[in-house]
Amino acid sequence: MRLRNLTSETDLLAAKNRYHMCKRNFFLRAHLLLVFTPAYFPKMSSTQEEASHEINVKNGLLLYHHPYSYYSQKVLMSLYEKNLPFEKQFINLVKEVQYEPWFLKLNPRGQIPVLQDTGKVIPDSARIIDYLEDNFSNGDTPRLIPINNPAVKEKVLHFRSILDPLPARVLTIGSFHHSELVHFPKPPFVGPIRSLLKNGDKRIVSLLKDLAETNPDISLVLLRKVAVYERKSSTITEKTEYLKLLDQFDEVLTEVENELASHTGDKENWWLCGDCFTVADISLTILLERLSQLGYESRFWKNGKRPYLEKYYARVKQRESYQKTIPNMLFHVKMFMSTYRKHLTISIGVGICAVIILGGVYIALKPEK
Ligand SMILES: N[C@@H](CCC(=O)N[C@@H](CS)C(=O)NCC(=O)O)C(=O)O
């Protein structure tokens with residue numbers, strides 16, 4: 001009996017100890033979690049390559065870019081297609097790094113992409129692609145504009161001339177104003193990014209006007225950019241005008257579809273203009289990618305609307321250059337966490353605090369057995 005009592009007293013003591021240990025561990029773990037939460041958010045060291053905010057003079061090719069930028073993607077895909085070694089410097093458009101004085105020295109328009117070839121600076125995607133074509137087209141670096149076949153070259157230049165002027169920015173921002181026109185937009189054009197970009201133009205116009213005042217040497221370039229933003233603003237916001245713009249995309253894609261449909265027999269495996277992948281294919285790929293990300297696949301090619309285009313898009317996604325250029329889901333997650341690091345840390349911190357307080361109250365008030 002006494003032994004049994006002793007055992008039950010020891011059990012009681014052990015249970016009490018376990019209960020207090022548990023309580024201490026709970027607070028210790030919660031505290032550690034709270035302290036180290038920010039460390040779990042990657043700083044994008046490998047993907048985002050946070051800019052050093054200065055001109056980076058190095059030997060070789062250096063591309064100032066953003067992985068989501070339409071025009072940067074064209075250059076990236078060209079560099080990968082040509083197997084050229086190059087370095088990248090991330091320009092954070094969200095933080096408006098493109099308007100910092102050091103970057104305006106590189107490109108007074110405050111736009112990416114910009115290529116630096118040791119001391120030479122080349123802005124504008126089309127100019128960069130032509131520069132690469134003129135200066136790096138031998139051995140392992142294939143031509144993206146064929147020179148030996150005049151008929152193919154003419155076709156490449158024609159498709160480039162109708163694809164390149166399609167206004168990607170207006171298409172993109174307009175889709176956020178008329179979201180009833182799109183179906184299932186994909187990352188990165190989901191969630192808070194949509195409202196960030198939708199409302200970004202007004203802020204950029206006033207920033208450009210301020211910059212033009214403080215930088216008289218480049219004010220003409222900056223004010224010209226303001227004029228373009230203001231001229232395009234009704235196409236973005238007015239639905240009838242925006243629909244007319246979508247018609248322009250339709251017209252171009254119909255011409256592309258007809259060309260692809262004509263590739264029969266031994267031309268079955270052709271790309272847009274011939275058996276070689278060219279700059280016209282790069283322009284088309286990046287356009288299809290953007291339309292898909294915005295949620296326009298069913299409007300422009302899915303459900304039997306343009307079957308050849310649909311097949312082409314599925315095929316081009318298999319190319320290594322596409323996979324290296326277009327960010328994947330893991331990248332989107334990292335980018336999102338990095339952009340909204342502060343907000344996420346605060347929300348999770350608040351959440352954990354609430355759990356600690358409620359957990360503490362529960363444990364403290366729970367009657368001891
Ligand atoms: N014509 C230029 C257009 C470049 C362009 O519009 N870049 C966008 C990113 S896709 C940009 O830098 N936007 C930032 C801004 O204008 O503030 C090209 O082909 O490179």
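The following legends describe close-up views of a predicted model.

**View 1. Overall fold of the protein, with 16 helices and 4 strands.** The protein has 369 residues, of which 24% are buried. Among contacts between residues at least 6 apart in sequence, 74% link residues that are at least 24 apart.

**View 2. The largest nonpolar core, made up of 47 residues.** Leu63, Val75, Leu115, Ala280, Leu284 and Leu309 have the most contacts inside this core. Helix α11, spanning residues 279-294, provides the largest share of the core, with 9 residues. Because domain 1 (40-143) and domain 2 (145-327) both give residues to the core, it lies between them.

**View 3. Surroundings of Ala280, one of the residues with the most contacts inside the largest nonpolar core.** When residues up to four places away in sequence are not counted, Ala280 touches Val156, Phe159, Arg160 and Leu163 as well as Leu272 and Cys273.

**View 4. The shell of 14 residues around the ligand.** Those that come nearest to the ligand are Ser69, Tyr71, Gln111, Asp124 and Ser125. Two of the contributing elements are helices α2 (70-81) and α4 (125-135), each of which supplies at least two residues of the shell.

**View 5. Residue classes in the shell around the ligand.** The shell comprises 7 nonpolar residues, 5 polar residues and 2 charged residues.

Terms used
Residues are numbered from 1 along each chain as its sequence is written. This is a predicted model: local features need pLDDT of at least 70, side-chain atom pairs count only at pLDDT 80 or more; totals for chains, interfaces and linings use all residues. A nonpolar core is a set of buried Ala, Val, Leu, Ile, Met, Phe, Trp, Tyr and Cys residues joined through C-beta atoms within 7 Å. A residue is buried if 20 or more other C-beta atoms lie within 10 Å of its own, exposed if 12 or fewer, and partly exposed in between; C-beta atoms are placed from the backbone. Domain bounds come from an automatic or database domain assignment. Two residues are in contact if their C-beta atoms, placed from the backbone, lie within 7 Å. A residue is near a molecule or strand if its C-beta atom, placed from the backbone, lies within 6 Å of it. Ala, Val, Leu, Ile, Met, Phe, Trp, Tyr, Cys and Pro count as nonpolar, Asp, Glu, Lys and Arg as charged, and the others, Gly among them, as polar.
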